[in-house]
Amino acid sequence: MSASAAALGTLGWPLAAVGKSGDTIWDAGQVAHLIPTASHDRLLIKVSFTAALVAVPLLSINGKRIAGEKTDLEGRFWRFDARALTPSTEYQLRILDAKGKPLCDAWPLRTFPAPDAAPQRMRILAYTCAGGCDGPRLMGKSGWLDMEPRRRLLARGMAFKPDAVIANGDHIYWDLKTNLNKPYIEAVRELMWSRFGTLDISVPMMHPKNAATFTRICDYQIAGLYGSTLRSTPAFFLTDDHDNFENDEFDDAVATLPAEEYGITGCEQTQHMYYPEFLPDANRPAWLPGGDKAGMPQGSNSAFGTLRYGGLLEVVLYDCRRFLDNKGRHAKVIPQWAEDWVVARTKAEDTAHFFHAPSLPFAYSSGKLGDWYPDKLDAKSGRLVLGQSKDGWQSGWYDQHQRLVAALAGQTRRAAVIVQGDFHASAAGKMLRSGDLALAQPVHTVMSGTLGTGDLGFPSAFRRIESTPSHLVPMEEALKPVEKNGFTIIDITPEKMVFSLYVWRPPEPVENIDSMQPTVVYEVARLG
């Protein structure tokens, strides 16, 4: 057994449960974690094993065998890329060793409908911020939600049998510089470094000095949460600031935006090993930033993706941290090419429904550096204010926000909708205006809920203020931001999208998760 796999047991993750995530029917065998994604004609699967494999494993897909591709140096991590498949088809999959011996039970996985098909319904499970290292309390407060209720929240969401999962950012919390300048540094030593080790940032993440620590960190936060729970559900993992191994901050000691190359490389390595890149889409240029890198699956993109479910729904997913720049009034959160693609897909109106899934929330602010908005936390009043200089913030970010919002509101046959990540809360409402921009229609915004946040990670604790609508955005709020853990179930039919927001937080009994009911049900009807 490899050192990193053996470490799973010492970190409170019993090896007997590896890959099962509470599932006592499906036998994970040697699989530690398994996360797939899908399009209408392709499946991409990331998998790790409890021990390194010497020979190349095989994926049996309806009897046809596809060789795995190794994604680490040791041989614990592999990917399988099945192409030229039939739309709307359930395939039977199984992973075999080089001699054809099964390494786990068989399982089903379905391709999406063809782009010109007309499915009548779809369901999505959406959430954000699933990462984090649970452990000892600081003054009775948790840093991240304990892994047991976190897995239970995921299981509750999966009990609704979604057709896809959108996991919107912050799969990893292991901030480098921004942990060093905090008063709770000793708690970080106890909670994180003493259990997992430290990273030597003078050498790359996968350098022999760091590789074991890096995999221990990611094994616990990603494989330890998901196991094989998502094996039959295509997942879309979008990245955010903490996936770049920093929080977005600007002060006298540190500035973390734009993201530094070291953290970006760590983000790309995490995805390379643990969760799928976005598969190609005929309407997404292959030359967008985040694609066409050595070692990536052909045609895939790590930062900008599409979830297309026939003619019923299209979702554009975009990372708002990795390519952000600091060019003042010319600054952008996403590159111009990516903006052009997002706007073009918004204006196409060739599906019944459509929404943006950005890693940076629209409408809301908590005064932090990485907001779209200039709202700043005033130290004296403890409130968000405008008109004060916000260190590091770039006016061009808001200008790009305005162009994206205008494109959304300019649709004539579809409602304008954003389902977003990053903020540690659940909320739903509609933007009635954006600064001096009059909207042709309201823009509905849903904060999907946070899976892994603990007491000290909520804005009211970390920034001494709860998230609120920006002063630049008048809103009609169906659910004001709720600082609890949770997720959103999205039901889509040709006539409407229905968002059911589920929330829970300790000290509520963990058993209550199993029978959670939605706190609010928010409906958005199609326009045309």
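Modeller: First, a term: accessible areas come from the Shrake-Rupley method with a 1.4 Å probe. Keep in mind that this is a predicted model.

Colleague: What share of the accessible surface belongs to carbon and sulfur atoms?

Modeller: Take the total for the protein: about 19,400 Å². The part that belongs to carbon and sulfur atoms is 53%.

Colleague: How many helices and strands are there, and what is the radius of gyration?

Modeller: The protein has nine helices and 25 strands. The globule rule gives 24 Å for 528 residues, and the protein comes close to that, so it is as compact as a globular protein of that length. Its radius of gyration is 22 Å.

Colleague: Among contacts between residues at least 6 apart in sequence, what percentage join residues at least 24 apart?

Modeller: Start with burial: 62% of the 528 residues count as buried. Now the contacts between residues at least 6 apart. Those joining residues at least 24 apart make up 72%.

Colleague: How far apart are the mean positions of the positive and negative charges?

Modeller: There are 56 positive and 60 negative charges. The C-alpha trace spans about 65 × 55 × 45 Å along its principal axes.

Colleague: Is helix H6 mostly covered or mostly open?

Modeller: H6 runs over residues 261–274 and reaches 20 Å from its first C-alpha to its last, close to the expected 20 Å. Its buried residues include Tyr262, Cys267 and Met273. They pack against strands E1, E2, E6 and E11 and helix H5. With eleven of 14 residues buried, H6 is mostly covered.

Colleague: Which residue does a cis peptide bond join to Leu257?

Modeller: Look in the loop between E11 and H6. Omega is about 0 degrees there, and the partner of Leu257 is Pro258.

Colleague: Where is Pro507 found?

Modeller: The peptide bond from Pro506 to Pro507 is also cis, with omega near 15 degrees. Pro507 is in the loop between strands E24 and E25.

Colleague: Is Ala84 buried or exposed?

Modeller: Ala84 is in the loop between E6 and E7. Its phi is positive, near 55 degrees, though it is not glycine. Exposed means over 50% relative accessibility. Ala84 has 77%, so it counts as exposed.

Colleague: And Asp170, buried or exposed?

Modeller: Asp170 has a positive phi as well, near 60 degrees. Its place is in the loop between E10 and H3. The buried cut-off is under 20%. At 1%, Asp170 counts as buried.

Methods. Residues numbered from 1 in each chain as written. Predicted model: local features only at pLDDT ≥ 70, side-chain atom pairs only at ≥ 80, totals over all residues. Heavy atoms only, no water. Helix = DSSP H or I, 4+ residues; strand = E, 2+ residues; numbered from the N terminus. Expected span 1.5 Å × (residues − 1). Buried < 20%, exposed > 50% of the residue type's maximum accessible area, 1.4 Å probe, protein only. Contact = heavy atoms within 4.5 Å. Rg over C-alpha atoms; globule rule 2.2 N^0.38 Å. Lys, Arg positive; Asp, Glu negative; His and termini not counted. Charge placed at Lys NZ, Arg CZ, Asp CG, Glu CD.
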